[in-house]
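Q: I would like to learn how to read the features of a model such as this one, one at a time. Please give me the general idea first and then the case at hand.

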Amino acid sequence: MMNYFAIILFMIVITIQYSCSKTYNIYLQTYNEPKNTPLQNDLKLKTMRDTQFVSLWYTGDFGRKEHVYYNLRKALPDGNYKVYINNVLKESETYKNGKKNGNGSKYYDDGSYSTFFYKNDTIAGVALQCYASGILKQRSVFSSGNLVLVSSYSEQAEIRSHTFYINEIAVRTEKFNDSNGEIIIKDQNDNKNEVTNRESKINGQKLYMYPKGNFIVKYSNNNIVDCKWIPTAGLKN
Amino acid sequence: MAYFFFTEPDKLQEIQHQDNAYGPISENEYRLVNLYSATTSPKAFAVSGGNLLVQENSANADLVNIVLKPTEQPDLDLPKISYIIYKNILKSSIIDSQGIIADRSQNTLTKKIWESFDLQTAAFGDNPDVDLPDNPLPEDVLGYNYSSTGTGEDLALDSDSLDLAFYNNVNTLFFITAGDYLGDFQADKFGFLITTEKIGSNLSFKAAREAETKLSFTALSLDATDADKFKRKHDKEDILSYLDSCAFFGSFYAKGLNVDNGSGSDVLTGQDLFDQITSKHYNKDKVYIDIRNEYYDSLNYYDDLGDNLYWSLDNTENLVQVNYYRDNWPVLTLNNSEVDSANTDKNIKLSFIKNEGTTPLIYFKRAYNEDVGIGDLPQGKDKFVELADETDENGFAILPSDILLPSLNNEIIANYFQLKYFSKITDDPDETALISKRAYPDNLFPIFDMSIPFNQASTGSYFKLYYDSSYIDKTLVNTADFSVNIGIAKDPELTTLIAFPFTYNNNVQRNADNIIPIGGMEEPAGSLFLNSLIQKANSVKLVKGSFLIDGVSRDYLKFEPNDDNTTTNQIGQNYTFDDVAIITLTDSEFAAIKAIKETEFPDNYKVYLGLDNIVAGTDDLGVSYTMFKYVLKGIKEDNGSIVQHSADTNIDAITDLKIIGQEYQRNPEELVGFVNLIDGKTREDSFIEKIIDIKTVVDDFITQIKGVDINQPSANDIITSIAKKSFTLLWSTAKTYVQANPSNPDDRPLYWGRLKMQVALKQLPFFRSSVIGSNVITDSPLDQLILISEECSRNYLNVSFAAAPTGSKKILVTGFDPFSLADNIEQSNPSGCCALALADSIIADNIGYIQTMIVPVRYPDFDSSKSSTEGMGTGIIEKYVGPWINEVDMIITISQSLPGDYNIDKYSTATRRGDGDNLNYQRVRLSHCMDIGDSSNEWIITTLPASFIVAPVKYNWTYVDATGAFIDNSDQLHPPQEGAVLNEGSGSNYLSNEIFYRVAHLRKTARPELPTGHFHISKLQSSGQDFSGTQTQDLITKVKTGISSGVTGL
């Protein structure tokens, strides 16, 4: 009996280990054979079977293809997926339970890259984007899959701006002037209902209140070390 | 105006001898005066009011001649009488032996002069500063000082123009009134001479001095060249400045002539006039049929109309050839003996040469015709009679209206008729002709023969007008054609040439320009002619306009309505100046042109200011212009022949006026379905016929507008009313059909039907003035009507949520026209199909109510720039969608994307790619579509609810940043930066992005929370593929499902 359970457990472990460690390498290649201008470069998969993992998308207008891009499909087998274009790594994602779950990263043509975390196909927590040098370029905070804050940094690792988002609309930007360290704050969104009308402090944290919700922000010097988005149902202004 | 017979008829010899009669004496000699003999010295009467010049008779010092310049013209439609000369007056009846004005008892003239002298003496006799003579002197009041041997201002050579005396500001000639007794003729051989105005002809002092006036030539040698013969022909045209006084007085046949009766005067007409006046002339039964060409020369002066015409004098249809020049002189006369006695109507049937490709019409300057009847002269439009369409084997076409000859007792009586042979402007003039016109201002002004008679000071403004002297055909320009007055003005800055209507043939726009209150003008120092002109007209002002052509600014002058005019001009007319043609030349330009003329052309012949290189176009801002170059055109001798000649002036001009006329030419959008034929039909028609009710709307509309009498004052209102009704019906018919036939929701019949109906409007002759080439002139009446047609057929103005169920969400949906039709003429636009199918529809459970409109794929509609290459601004979206921002619950713009797409685009951008639209217009690549205000409006995100996103509908998160990098932000790691330029939004950067952006911009400004966005839907037809009703029906279902789902998120 023990042996039986041991065998079962072993098989499960083996299976889990196997499935979690499975890496799928997907290769795409650009080619310059536009079938329909103004599409300049098309993409194709090196291996046709990879179409089960990747879908190619075109954008265009009035019936004309203009750009092509790929997406990893949803509900893929668990494992680690690495996508290469012209043999250069472009993306790495982790799928668990048929969904994006875990760390992921993307690599861009200029050498910069980003790391992020998905939970049940929803981006969550903090995503980081770095210059090719490895210095932080951008820090994005998500809440319930929605972008809340983007902090941008220079290549000298100096803070440049914080931008707050509500429903993908930037509602507040704090810009840091290069030369004198001046902070320029702009409630730049003309969306009248989203312009903050109150600003307060709670326990040393700043509170930016909007009709749809409030940002609770903790600063350290000019850096934001914590930012929470509380919809209006949670805190009334 | 009352005119008088010039002498006492009772004293005239019963029959004037042929040798005394006006007319041809031989091939080389023509008598230009009627000579008379009387029993005793008859009195000379002023035939009209006017100024008098008295000159010594060069043949007899005891005789003088009197020159009368009439200030009144007889109401007979005659050419303008310029001078009348009384020949062989007894000097003693005006000037006594002492050289002073004869006793006041002599006649009315001497009486009035003495009375005037008395008044002058009474007023100034005691004034030491006024040097009055002891007696009135003929040199002071009658210009008797002018002589060929005089000195200083008294010198007037025989060759000098009489204008020298009559336009002298210092010595004003004495004025008399009609009927005044002027003096006494000698009994034997006294004369009466009448001259008429003709550009280039000036009556000289010689005629005022000689006892008899003839035009005489020596016979041409046998080896005379064609050029010599033409020169002779040209010189003989001088007789066209004279009138036979017999015909002149006979022309009063119906209106009446004042004739002395010994104690006063009687007004004689008809038989009485004939018995007492006309019958005493040798030419008593001669009618002059003076036919001029368009340039006021004789009919065939330029050898283009032939010497012959055909006529019938027996009231039959058998026309026989007659040589217009049969008397060897350039005027046709007809004697009673030639008219068949059986022709009791005394009508003449005429046919004229009708050169291939021409449309001639005969202008009844002065002649009775059967349309109006004998006694009344044709007026206005009745003066113009177009030759029949058909020509005989000789190329002659009948004049449809017979000429009627005045007659008594079945015999014709003396009269003077003048006809003019005008030709309509043709696109393809005969370039080999000695002179031809390409455009209406072309060859209009014989610039160096138009002389200003005033004694000009360098600082004054002077203007000479020649009445009814030419013809302008603007039929292809603005449907008008008319005879014109032309004039020339000189002022300290400019030489101005002006032409304006005298008699309209067609004037559907009802311009009042034919009664502009100007005649000859002499304005004080410092005046400018154009200022004087607009002061008199008062309804227009002169403004400087500017074109931008290839980035270079070009100024021009134009007339605009004077909205500031607070005073009414003297006869209260609002002159539009639409039919007033004005050319201005600076002094240096005129001098340069004159130098070219003197170098390039002989002195003899007229030289016209012509136009060449006429180009109509639109400037960088879409404003229509016409550019051309001035040339001099005329004739010259070349190896013994006369040939056409032109010379460049190197003077360019530009105007906002339409110069060259042509029918409206279909623009590229209208053309693409017109040139493609299928089964002998245009594709346009074949698409329209796909919905028979649409075809009916289109056909009925075209029938109705073509049936409108454009000459009625309310024509524009009637056409507008028809258009409003028909274009509205077009939309409703298309909508009704699509909704009644869900498996065939075809948007194309609406699209092609609209185009065909609009083309029909644009090609209406009524709107000729509103089009240049394939452009409709901005703010023109047609432009207004096209706007109405768009508003009605695209449902811009009939959106209404009045029928929305209570509590339902109000949803405004837009679609687009078909496009890329050059690639696939079968192309539908599924978004337009959706707009038709979803119009007035209710979403399940009454949660939403949809209203729709369809917009064109044309930049000018979006940015209001008519430029084909650039533009930025607001347009139809702001105008027609804008008002709904605060009225609806959601706005969804729809357009065609890639096959299989059902995308809600995330980002719209203000940036345009600028690719060609349905008009083949483009916009500057990566330019802004409008003024976006601050940079925060570089891009705007959709506010459509996420509830749309139910398969197959998905978000399109992509965009292209300013570096050109294509970014997919579906991971939200790369949202576009605030203020960042996006080269492309999620739906690219063509008009589907633009409508998305424009609505978003409106929303962001006025009502940020309003859900608006773009639904980019599947393309269904690949190249060459036909429309599929069932596929489109399926697409519409998907779209409606998407919208229904979207509404749940509101």
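This is a predicted model: local features need pLDDT of at least 70, side-chain atom pairs count only at pLDDT 80 or more; totals for chains, interfaces and linings use all residues.

Q: With which residue does B:D1034 form a salt bridge?

A: Side chains of opposite charge can pair when their charged atoms come close. A salt bridge is counted when a side-chain nitrogen of Lys or Arg is within 4 Å of a carboxyl oxygen of Asp or Glu. Here the partner of B:D1034 is B:K1038, with the closest N and O atoms 2.6 Å apart, and B:K1038 is partly exposed at 27% relative accessibility. Both residues lie in helix α21 (residues 1029-1047) of chain B, four residues apart, which is about one turn of the helix; helices (H or I, at least four residues) and strands (E, at least two) are DSSP runs, numbered from the N terminus.

Q: Are B:D817 and B:R754 buried or exposed?

A: Both of these residues are buried. Their side chains meet in a salt bridge of 3.6 Å, N to O, and the pair links distant parts of the chain, since B:D817 sits in the loop between β42 and α17 and B:R754 in helix α15 (residues 748-762) of chain B, 63 residues apart.

Q: How many disulfides does a search of the whole structure find?

A: A disulfide is a pair of cysteine sulfur atoms within 2.5 Å, and over all chains the search finds zero. B:C834 shows how to read such a result: the closest cysteine sulfur, in B:C833, is 6.9 Å from its own sulfur, which is too far for a bond. B:C834 is also buried, at 0% relative accessibility.

Q: Which residues form the negative surface patch?

A: Patches are made of residues with over 30% relative accessible area and no salt bridge, with like charges joined within 9 Å and nonpolar side chains (Val, Leu, Ile, Met, Phe, Trp, Tyr) within 5 Å. Lys and Arg count as positive and Asp and Glu as negative, without His and the chain ends, and the place of a charge is NZ of Lys, CZ of Arg, CG of Asp or CD of Glu. In this model the negative patch is formed by B:D223, B:D226, B:D228, B:E637 and B:D638. The elements of chain B that give two or more residues to this patch are α5 (226-236) and β36 (624-638).

Q: Which residues form a nonpolar patch on the surface?

A: B:L671, B:F674 and B:V675 do so, with about 260 Å² of accessible area together, where areas come from the Shrake-Rupley method with a 1.4 Å probe and, for residues, only the protein chains shown count as cover. Of these, B:L671 is found in helix α11 (residues 668-671) of chain B and is partly exposed at 35%.

Q: Where is the place of A:N97?

A: Backbone angles deserve a look as well. A:N97 is in the loop between β6 (88-96) and β7 (99-100) of chain A, and its phi is near 55°, a positive value in a residue other than glycine. At 66% relative accessibility, A:N97 counts as exposed. In chain B, the peptide bond from B:A951 to B:P952 is cis, with omega near 10°.

Terms used
Residues are numbered from 1 along each chain as its sequence is written. Chains are lettered from A and ligands numbered from 1 in the order in which they are written. Side-chain values use heavy atoms; hydrogens and water are left out. Buried means under 20% relative accessible area, exposed over 50%, partly exposed in between (1.4 Å probe, protein chains only).
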